[in-house]
Amino acid sequence: MGRYRISWKMHEKRMNYVRSEIEKHGCVAMILFSPLNVFYLTGYTIISTERPTALILPVHDEPILFVPRLEEDHSKFRVPQIKKRIVYFEYPGVEHPMKVLARGLEELKLADKKIAVDAPGYPGIMGYVGPSLAEVLPSAKIENLGKIINDMRLVKDDEEIALIRESAKWGNLAHRLLQEYVYPGAHEIEVAARASFEASLAMIKALGPEFEPGTMLPASAGFRGQIGPYSAYPHMLTSNIVIREGDVLVTGAGAKIGGYSSELERTMIVGKPNEKQIKYFNIMVKAQQAALEAFKPGVKCCDVNKVAFKVFKEEGVPQEYILHRVGHGIGLQGHEPPWIEDGDTTILKPGMVFSCEPGIYIPGFAGFRHSDTVIITEDGVEVVTFYPRDLDSLTILH
């Protein structure tokens, strides 16, 4: 791994696994339209627009990128290891890009073969409209085998886990700065912007030229509007809120490293907590601790969820205060399978990565949620986010 990205050797390993899997289905190639799947297999990332892109992965030949002309040189810069390209000029084009792709596949002698795909065609990003692959290749037999990639992504390899651990370090710094800059009278955006900027700047300087952030603020921390009574909305939106004495704050922090992220969330209280705040804070922490201890290989996702919900029930938390599951997978996306929820019977395996975030939300009063990123190990769990979780550490006194 070039320290802060997945190595080409690992990408080759992933592509070879896909080749072997689609060959079992009698396919001669796989075409991947999902930009995220293309990134997962090759490390090629672009700003996704209405211009379709794809990866063609023949079983017995080298990979080929399908790109618009404006991405041709950029793709050579990003992934020089991929030598072949099918290039079209623009979208929608006098000739639709999917027809250009079909002609390229005919030249590769794939047009009348059995081909695997991860989707019928390019997704409708930014108003894209176009025919499916089956429509432009009527002689081909198309089989959707996107589950192969989805299943691969469930268990992270060593390089992915190293990036997630690195992400957690910088999310921790961003959150530390966020907490330091909170004071009664501060604007939400002021505190979040200052913490995110300073953490990102420190991150860029410390990691050096090997690290490519891909975004202006690779480390970030904020409140997403979950301040005071608005903290009772789990997915509140960032607002123009002024922080007041007595407010409960639900935070979020993380960092992007090589496409991978972690999740760190904490409940903080501005000023001396009252009895009701203390009560629900402590119940939430107890439920999270129970869930953290339940994460083990061989355990079902749903059983971890049940452990936390059992605590809520025993502590007398009304059902209407519980608005979501205990957690979700995390990696290339902030939310991805498997799900720590009663309806998911997936067995936990070493290398799976999750958030652990049981929450309590009391309308008109406050919300209480910590979230930590956990990695399933051979004999238990590793909690990679290490910010304090106790009330004393998260009480802000001025």
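Student: What does the side chain of Ser-196 reach?
Tutor: In this predicted model, the side chain of Ser-196 reaches the backbone oxygen of Ala-192, at 2.8 Å.

Student: And where is Ser-196 found, in which helix?
Tutor: Ser-196 is found in helix α8, which covers residues 188–207.

Student: Is Ser-196 buried or exposed?
Tutor: Ser-196 counts as buried, because its relative accessibility is 6%, and the cut-off for buried is under 20%.

Student: What is Ser-196 in contact with, leaving aside neighbours within four places in sequence?
Tutor: With those neighbours left aside, Ser-196 is in contact with Leu-217, Ala-219, Ser-220 and Ala-221.

Student: Switching topic: which residues touch the most other members of the largest nonpolar core?
Tutor: Those are Leu-41 and Ile-360, in a core of 102 residues. Helix α9 (residues 275–294) supplies the largest share of this core, with 10 residues.

Student: What does Leu-41 contact beyond four places in sequence?
Tutor: Leaving aside neighbours within four places, Leu-41 is in contact with several residues, among them His-11, Arg-14, Leu-55, Leu-57 and Ile-149.

Student: Which strands does β1 pair with, and in what sense?
Tutor: β1 pairs with β5 (residues 114–117) in the parallel sense over three bridges, and Met-30 stands opposite Ala-116 in β5. Four bridges join β1 to β2, and those two run antiparallel, with Ala-29 opposite Pro-58 in β2.

Student: What about helix α7, how far apart are its end C-alpha atoms?
Tutor: They are 35 Å apart, which agrees with the 34 Å that its 24 residues (158–181) should span at 1.5 Å a residue. α7 is mostly covered, with 17 of its 24 residues buried. At the start of α7, a side-chain oxygen of Asp-157 reaches to within 3.0 Å of the backbone nitrogen of Glu-159.

Student: Last one: is Ile-47 buried or exposed?
Tutor: Ile-47 counts as exposed, because its relative accessibility is 71%, and the cut-off for exposed is over 50%. Ile-47 is found in the loop between α2 (35–42) and β2 (54–58).

Terms used
Residues numbered from 1 in each chain as written. Predicted model: local features only at pLDDT ≥ 70, side-chain atom pairs only at ≥ 80, totals over all residues. Heavy atoms only, no water. Buried < 20%, exposed > 50% of the residue type's maximum accessible area, 1.4 Å probe, protein only. Polar contact = N/O pair within 3.5 Å; in protein donor to acceptor, adjacent residues only side chain to side chain. Contact = heavy atoms within 4.5 Å. Core = buried A, V, L, I, M, F, W, Y, C linked by side-chain atoms within 4.5 Å. Expected span 1.5 Å × (residues − 1). Pairing = 2+ DSSP bridges.
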